[in-house]
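Biologist: I'm new to this one, and I'd like to learn how to read its features. Could you walk me through them?

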Amino acid sequence: MNCHNHNQSVGSKMMISDAMEDEDKWLAEGIAGIQHNAFYMHRALDANNLREALKYSAQLLSELRTSRLSPHKYYELYMRAFDELRKLEMFFKEEERHGCSVMDLYELVQHAGNILPRLYLLCTVGSVYIKSKEAPAKDVLKDLVEMCRGVQHPIRGLFLRSYLAQISRDKLPDIGSEYEGDGDTVMDAVEFVLQNFSEMNKLWVRMEHQGPARVRDKMEKERNELRDLVGKNLHVLSQIEGIDLDLYKETVLPRILEQVVNCKDELAQYYLMDCLIQVFPDEYHLQTLETLLGACPQLQPTVDIKTVLSQLMERLSSYAASSPEVLPEFLQVEAFAKLSSAIGKVIETQGDMPIVGAITLYVSLLTFTLRVHPDRLDYVDQVLGSCVKILSNKPKLEDSRATKQVVALLSAPLEKYSDIVTSLTLSNYPRVMDHLDAGTNKIMAMVIIQSIMTNQACVSSADKVEVLFELIKGLIKDLEGDSDDEFDEEDFNEEQNSVARVIHVLYNDDPEEMLKIICTVRKHIMTGGPKRLPFTVPPLVFSALKLIRRLQNQDGDVTGEEDPATPKKIFQLLNQTIEALSYVPAPELALRLYLQCAEAANDCDLEPVAYEFFTQAFVLYEEEIADSKAQVTAIHLIIGTLQRTSVFGVENRDTLTHKATGYSAKLLKKPDQCRAVYACSHLFWVDDQDGIKDGERVLLCLKRALRIANAAQQMANVTRGSSGPVTLFVEILNKYLYYFENGNPQITSGAIQGLIELIKTEMQSDTATPDHISDAFFACTLRYIQFQKQKGGAMGEKFDTIKV
């Protein structure tokens with residue numbers, strides 16, 4: 001079977017090759033015939049012998065009677081003949097050379113033997129006849145266009161009428177033309193061109209029905225090559241000065257559309273509609289929009305009407321952009337309504353139109369609307385609503401080309417209106433997005449976010465935030481059709497970071513509205529699942545904390561308002577929100593956020609709230625954080641936050657500091673224990689004016705840290721045979737110096753002196769491990785003591801007792 005197909009294919013290629021060789025041979029023979037007869041014609045012209053010149057010119061033109069050439073090759077032959085006809089026309093103009101009046105010459109050439117040479121000669125003489133003005137141009141043109149009906153072979157007839165159009169285009173009885181006569185001469189010019197156009201179109205369409213079905217593609221290609229011959233008539237029409245808007249509206253356009261609709265040919269209808277739109281002025285299209293659009297549903301169902309209408313709308317958009325003065329005309333003629341209605345009728349008529357075609361039409365209509373009526377959001381929403389109807393009647397959108405068009409449709413308002421809020425007022429915008437698949441929905445959501453960030457747009461009402469988060473829900477939660485197989489962690493992280501950025505830009509000066517915004521965001525992001533919450537909860541928390549800072553002086557007892565925004569209420573909301581992270585689980589992140597809230601509660605002077613947040617942080621530390629490194633980080637965060645709080649009474653503060661010091665001493669590694677314990681000393685000595693200053697408990701922490709450091713040294717000595725570096729001792733020495741300098745009476749110069757000696761002894765021990773970093777650290781500390789001594793004054797005297 002495959003062998004048979006291969007042989008058939010090879011055979012077809014050989015036949016095509018042979019046909020091309022034959023065609024080249026026939027073209028060469030035709031050109032040779034033209035050249036041969038042209039030689040004798042030139043001799044006759046030089047001898048001023050009219051009859052011989054006509055004889056050989058007729059024989060020359062007989063070469064155009066061939067039916068064996070393709071349009072491309074026939075054109076080459078035609079151009080050879082055309083060049084000779086121009087020379088013959090120059091001879092005809094010089095009556096003194098051939099001694100025959102142009103009227104007699106016009107009669108004489110009608111006796112040529114074959115019709116095709118006769119008509120070419122008649123057109124040539126007719127051109128001279130019009131130029132001589134011995135007869136009205138309209139009569140000669142009417143005569144010629146009628147007589148050309150004698151050639152009904154499509155290719156020969158098209159080229160003959162093309163020649164007629166070529167030689168007559170500068171001789172039409174137009175307004176201001178030298179050939180303008182009495183009466184309604186512009187109408188005669190229009191009638192001539194329209195009749196020639198009509199006949200040429202019939203010949204062109206007839207080619208579709210010639211030849212067997214197996215060569216249909218070849219015939220289609222050949223027809224396509226000839227289309228400009230037909231379209232040239234419309235170009236000539238557009239150049240006639242006498243065609244004003246009324247004449248165009250009443251006569252020219254209806255006649256052209258009648259021919260287009262009645263020919264019932266896909267190629268002809270598409271090309272002629274496109275040609276019509278391109279050659280005539282935009283003003284004419286605007287004023288005859290109803291007539292032009294009325295023809296669209298009457299075209300063949302296979303015609304690519306979406307491209308035709310798209311080009312029309314593009315032309316009208318450019319026309320509107322060219323001058324603001326013309327915009328009232330668009331409103332006057334109700335351009336939008338007519339275009340929208342026409343598109344609806346075309347889609348209805350062409351029931352099997354692919355969905356991509358319908359959406360493409362609405363993309364073009366939306367582009368037109370945004371350029372011509374940017375202030376009419378109702379028009380924009382109406383276009384989107386029409387798309388929703390189209391999409392609702394179809395199964396799930398799976399065509400990638402249609403999906404791209406929907407994305408283009410949704411992107412257009414974002415590009416036009418830099419303020420995203422404008423797009424959020426379009427009720428049909430989210431309904432269109434609902435028809436996108438999960439992947440494309442995410443892409444569109446990213447486009448929306450990018451628009452917000454690029455234009456620094458501010459979404460400042462809860463209603464608008466609701467619409468926005470409905471639009472970007474593809475990033476906020478899993479949609480139907482999401483597949484874990486296609487999960488890309490890098491893309492996912494980028495998407496969630498984009499959502500986080502959006503949360504940061506939501507803002508309203510009114511605290512009540514801002515709280516509504518926060519609640520709206522919370523409602524949406526809490527549906528995101530464990531993968532998303534670590535990205536989306538933190539920005540929400542910090543947004544709420546910003547609001548709390550603005551409300552620090554409120555105690556929640558505001559009267560006269562049903563639901564006031566108070567710090568207490570927001571803290572309750574935050575507690576519930578952060579709690580969700582512990583189920584993710586993301587305990588380390590939740591702990592950090594609890595501590596941020598505790599610090600904010602401290603600033604608002606809300607002791608019970610701050611205590612509750614610290615309690616939640618300690619519970620997470622106890623129950624959820626098992627990794628030793630994470631524990632070290634967490635305990636230092638707790639200590640640091642607790643040190644900055646001043647809201648607690650003695651009992652609550654003691655409870656929390658006791659917890660912190662207890663957990664510090666229970667860390668896995670001795671060095672970590674040591675550092676956490678000496679950090680706890682800051683919980684008992686705060687430099688603020690009203691801060692706690694408990695020197696004894698500071699000293700207890702530092703002594704405990706020393707014992708742990710000493711135990712670490714001994715453990716290192718047992719396990720490795722060396723005591724290890726003295727870094728921990730030097731760090732503790734620096735803490736001693738800090739408190740000594742800040743006036744802690746329990747920290748004496750003697751204690752510092754003893755610690756210095758201990759460090760020196762450890763460094764000189766036989767089991768000590770040399771460590772340049774520790775040595776340098778200790779040397780810097782000693783230099784600092786020396787520097788303080790040299791300062792003089794009270795501080796100098798204080799440090800003077802320490803020997804280094």
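Modeller: Ala165 counts as buried because its relative accessible area is 7%, where buried means under 20%, exposed over 50% and partly exposed in between (1.4 Å probe, protein chains only). Keep in mind that this is a predicted model: local features need pLDDT of at least 70 and side-chain atom pairs count only at pLDDT 80 or more, while totals for chains, interfaces and linings use all residues. Residues are numbered from 1 along each chain as its sequence is written, and side-chain values use heavy atoms, with hydrogens and water left out.

Biologist: Where is Ala165 found, and which residues does Ala165 touch?

Modeller: Look in helix H8, residues 154-168; helices (H or I, at least four residues) are DSSP runs, numbered from the N terminus. Leaving out residues up to four places away in sequence, Ala165 touches Asn196 and Asn233, with contact meaning heavy atoms within 4.5 Å.

Biologist: Which residues line the largest cavity?

Modeller: Our Ala165 is one of them, along with Ser168, Arg169, Leu172, Phe192, Val193, Asn196, Asn233 and Val236. H8, helix H9 (185-206) and helix H10 (216-239) each supply at least two lining residues, and H9 gives the largest share, 3 residues.

Biologist: Which residues have the most contacts inside the largest nonpolar core?

Modeller: In general, nonpolar side chains tend to be buried together in soluble globular proteins. A nonpolar core is a set of buried Ala, Val, Leu, Ile, Met, Phe, Trp, Tyr and Cys residues joined through side-chain atoms within 4.5 Å. The largest one here has 277 residues, and Leu237, Ile448, Phe469 and Phe571 have the most contacts inside it. Helix H18 (residues 355-372) gives the most to this core, with 12 residues. Beyond its neighbours within four places in sequence, Phe571 is in contact with residues including Leu545, Ile548, Cys597 and Phe613.

Biologist: And how many salt bridges does a search of the whole structure find?

Modeller: Side chains of opposite charge can pair when their charged atoms come close. The cut-off for a salt bridge is a side-chain nitrogen of Lys or Arg within 4 Å of a carboxyl oxygen of Asp or Glu. The search finds 26 of them. Take Asp282 and Arg315, whose closest N and O atoms are 2.7 Å apart. This pair links distant parts of the chain, with Asp282 in helix H13 (residues 282-287) and Arg315 in helix H15 (residues 305-322), 33 residues apart. Both Asp282 and Arg315 are buried.

Biologist: What about Arg68: which residue is its salt-bridge partner?

Modeller: That's Glu29, with the closest N and O atoms 3.9 Å apart. Arg68 is partly exposed because its relative accessible area is 46%, and Glu29, at 43%, counts as partly exposed too.

How values were computed
On a 1 Å grid over the protein atoms alone, a cavity is a set of points where a 1.4 Å probe fits but cannot get out, and a pocket is an open set with protein on both sides within 12 Å along at least five of seven lines; lining residues have an atom within 4 Å of a point.
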